[in-house]
Amino acid sequence: MPDRHDPAWPSALELGIAERPLPGEPRSGDRAVLAGFDGGALVAAIDGLGHGEAAADAAAIAAGVLADGRVDDPEDLIEACHAALRRTRGVVMTLAWFDLAGGRMRWTGVGNVEGRLVHAAAGPRAPTEGAFTRGGVVGYNLPSVRVTSAALVAGDLLVLATDGVGSGFADALADGGTAQQIADRILTRHGKAADDALVVVVRYRPGV
């Protein structure tokens with residue numbers, strides 16, 4: 001479970017997290033990373049392959065590497081995760097770095113953790129912008145990653161969801177609410193019964 005009370009977490013990023021393990025499992029293989037730093041934050045959703053203890057252990061190792069290297073170059077950070085996970089079953093993940101001074105976000109991913117950016121000016125039912133991810137497994141088969149960026153305006157919403165959440169969750173965004181309410185709604189409506197599930201929602205609110 002991530003620390004939601006990280007003293008470095010910026011107030012300009014409103015946070016919501018909803019998660020649950022596969023029923024019957026004591027630990028989830030899905031894990032969030034919420035790592036603030038001077039001028040921004042790293043947000044990630046990690047999915048250890050499969051479920052149960054081995055998946056949870058792999059996700060925990062990846063989370064530790066990401067938190068420790070939160071300000072590192074994205075490609076170097078993913079390579080560090082890959083090296084640390086070689087003796088595990090591996091993970092897939094999507095990561096986003098918020099630059100609060102520049103009003104931008106960089107993001108990338110390996111595997112099938114979905115990332116969507118909802119622009120406030122376009123409305124909740126408008127098409128969303130997706131993370132550029134490549135197929136592979138961190139710790140086993142690492143592809144070359146591509147980091148893209150997007151400009152942010154007040155109210156923009158980032159949603160990260162593991163594959164324990166159905167991809168058609170756009171309807172859960174339309175009703176609005178706090179970041180936590182949106183995360184809870186996505187998990188309730190679209191969480192799958194046969195897998196771990198994690199939803200991370202971050203709303204950009206400069207000046208707060």
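Modeller: By salt bridge I mean a side-chain nitrogen of Lys or Arg within 4 Å of a carboxyl oxygen of Asp or Glu. Bear in mind that this is a predicted model. Searching the whole structure on that basis turns up five salt bridges.

Let's start with arginine 27. Its salt-bridge partner is glutamate 53, and their closest N and O atoms are 2.6 Å apart. Arginine 27 sits in the loop between strand S1 (13–20) and strand S2 (30–37), while glutamate 53 belongs to helix H1 (residues 53–68), so this contact ties together parts that are 26 residues apart in sequence. How accessible are the two ends? Arginine 27 has a relative accessible area of 30%, which makes it partly exposed. Glutamate 53 is also partly exposed, at 39% relative accessibility.

Now over to arginine 189, where there are two bridges to look at. In one, its side chain meets that of aspartate 171, at 3.3 Å from N to O. This pair links distant parts of the chain: arginine 189 is in helix H3 (residues 179–190), and aspartate 171 is in the loop between strand S10 (157–161) and H3, 18 residues apart. Arginine 189 comes out as partly exposed, with 42% relative accessibility. For aspartate 171 the value is 36%, again partly exposed.

The other bridge runs from arginine 189 to aspartate 175, with the closest N and O atoms 2.9 Å apart. Aspartate 175 lies in the loop between S10 and H3, and arginine 189 in helix H3, so here the parts being tied together are 14 residues apart in sequence.

Arginine 106 lies over the face of tryptophan 97, 5.6 Å from the ring centre. Arginine 146 does likewise with phenylalanine 132, lying over the ring face at 4.6 Å from its centre.

Conventions: Residues are numbered from 1 along each chain as its sequence is written. This is a predicted model: local features need pLDDT of at least 70, side-chain atom pairs count only at pLDDT 80 or more; totals for chains, interfaces and linings use all residues. Side-chain values use heavy atoms; hydrogens and water are left out. Helices (H or I, at least four residues) and strands (E, at least two) are DSSP runs, numbered from the N terminus. Buried means under 20% relative accessible area, exposed over 50%, partly exposed in between (1.4 Å probe, protein chains only). A charge sits over a ring if NZ of Lys or CZ of Arg is within 6 Å of the ring centre and within 35 degrees of the ring normal.
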